[in-house]
Amino acid sequence: MTHIQADALIAVALGEPPRASDHRHLSHCATCSKHLAALVRIVEAARSSTPADIPQPPPERLWHAIEQAIRYGGASGGPPDHE
Ligand SMILES: [Zn+2]
C-alpha cells in the first residue's frame, strides 16, 4: 500500500481539504490516520502557543556559576544569590 505523502498530510493538518484519493485512503489506513492526528496536534499546539511559552534563557549569573564550577572543578561556594 502506498501511503499519503508527508507534504499532503501536512497540508491537511494545516486545514486544507484532502484530495479525494487521500480522503479515501485515510478512511482505511491506520498509519496515515495516526500520522495525521499527530500532525494536527502539532499544528494545534503551535497555533495556541503564546510568547510566554517560548523558553527563556537562564540568568547570566547561572551561566557564570556553571562556568566557574567547570573551570575550578566544583561549586563556587553555594547556591547563587537570590535577586
Ligand atoms: Zn496510509
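Two residues are in contact here if their C-beta atoms, placed from the backbone, lie within 7 Å. Keep that cut-off in mind as you move through this predicted model.

**Start with the whole chain.** Colour by secondary structure and you will find four helices and zero strands, in the order α-α-α-α along the sequence. Buried residues account for 7% of the 83 residues. Taking contacts between residues at least 6 apart in sequence, 44% join residues at least 24 apart.

**Next, select residues 6–13 and 30–48.** These are helices α1 and α3, whose axes come within 9 Å and cross at roughly 50 degrees. That angle is why α1 counts as oblique to α3. Look down on the pair and check the hand: the crossing of α1 and α3 is right-handed.

**Now show the side chains where the two helices meet.** From α1, pick Leu9, Ile10, Val12 and Ala13.

Which residues form the largest nonpolar core? Its five members are Ile4, Leu9, Val12, Cys32 and Leu36, with at least two residues supplied by each of α1 and α3. In soluble globular proteins, nonpolar side chains tend to be buried together.

Hide its neighbours within four places in sequence, and Leu36 is in contact with Leu9, Val12, Ala13 and Leu26.

Technical notes. Residues are numbered from 1 along each chain as its sequence is written. This is a predicted model: local features need pLDDT of at least 70, side-chain atom pairs count only at pLDDT 80 or more; totals for chains, interfaces and linings use all residues. Axes are lines fitted to C-alpha atoms, for helices over the stretch in contact, and angles run from 0 to 180 degrees between N-to-C directions. Angles under 35 degrees count as roughly parallel, over 145 as roughly antiparallel, 65 to 115 as roughly perpendicular and the rest as oblique. A crossing is left-handed if the near helix is turned anticlockwise from the far one by less than a right angle, and right-handed if clockwise. A residue is buried if 20 or more other C-beta atoms lie within 10 Å of its own, exposed if 12 or fewer, and partly exposed in between; C-beta atoms are placed from the backbone. A nonpolar core is a set of buried Ala, Val, Leu, Ile, Met, Phe, Trp, Tyr and Cys residues joined through C-beta atoms within 7 Å.
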